[in-house]
Amino acid sequence: MTTGERRLIHAIDEIVAKPGEGKALLDDYLARYVPGARAGGMVLEQILVSPPMWLDDQSNTLSFRWSITDTGGWWQMRFVGGNDPEVIAWWAEADARAVSRRRFFAAEPADIEGLCNV
């Protein structure tokens, strides 16, 4: 969403936890990943768990929607996270506890032209 002159980039993390790992993986994400991401300028906007119950014998999908202000904030996030050994270690550990994960970036259509004008 555009807020005044600020344009937002949304980063969406989608992690499919191994069966029985959903709640523990969420707790670790919140405790170990979120503080550093916030310090790097990201704002955690929403967390969704699917299905909406903790499963012991099947996977839960954890979705996290972050916002990042403008292109400069995106580059800051990439530089800080990509060079932090704790972040790199966190994702390696998360990968071992997940069936899959992906991160993708999106923006509202009205913001795209401004985001590309760097």
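Angles between helix axes run from 0 to 180 degrees, taken between N-to-C directions. Keep that in mind for these exercises on a predicted model.

**Exercise 1.** Work out how helix H1 and helix H3 run relative to each other, and which residues meet.

*Solution.*
Step 1: Find the angle. The axes of H1 (residues 22-39) and H3 (residues 85-96) cross at roughly 175° and come within 11 Å.
Step 2: Apply the cut-off. Angles over 145 degrees count as roughly antiparallel, so H1 is roughly antiparallel to H3.
Step 3: List the partners. From H1 come Leu 25, Asp 28, Tyr 29, Arg 32 and Tyr 33; from H3 come Val 87, Trp 90, Trp 91, Glu 93 and Ala 94.
Step 4: Sort them by class. This contact holds seven nonpolar and three charged residues, but no polar ones.

**Exercise 2.** Decide whether the rings of Tyr 29 and Phe 64 are stacked or edge-to-face, then do likewise for Tyr 33 and Trp 66.

*Solution.*
Step 1: The structure holds nine aromatic pairs. In the pair of Tyr 29 and Phe 64, the centres are 3.6 Å apart and the planes stand at 15°, so this pair is stacked.
Step 2: Tyr 29 belongs to helix H1 and Phe 64 to strand E3 (residues 61-69), so the pair ties together parts 35 residues apart in sequence.
Step 3: For Tyr 33 and Trp 66, the centres are 6.1 Å apart and the planes are at 85°, so this pair is edge-to-face. Tyr 33 is in H1 and Trp 66 in E3, 33 residues apart.

**Exercise 3.** Is Tyr 33 buried or exposed?

*Solution.*
Step 1: Buried means under 20% relative accessible area.
Step 2: Tyr 33 has 5% relative accessibility, so Tyr 33 counts as buried.

How values were computed: Residues numbered from 1 in each chain as written. Predicted model: local features only at pLDDT ≥ 70, side-chain atom pairs only at ≥ 80, totals over all residues. Heavy atoms only, no water. Helix = DSSP H or I, 4+ residues; strand = E, 2+ residues; numbered from the N terminus. Parallel < 35°, antiparallel > 145°, perpendicular 65-115°, else oblique. Contact = heavy atoms within 4.5 Å. Nonpolar A, V, L, I, M, F, W, Y, C, P; charged D, E, K, R; others polar. Phe/Tyr/Trp six-rings, centres within 6.5 Å; stacked < 30°, edge-to-face > 60°. Buried < 20%, exposed > 50% of the residue type's maximum accessible area, 1.4 Å probe, protein only.
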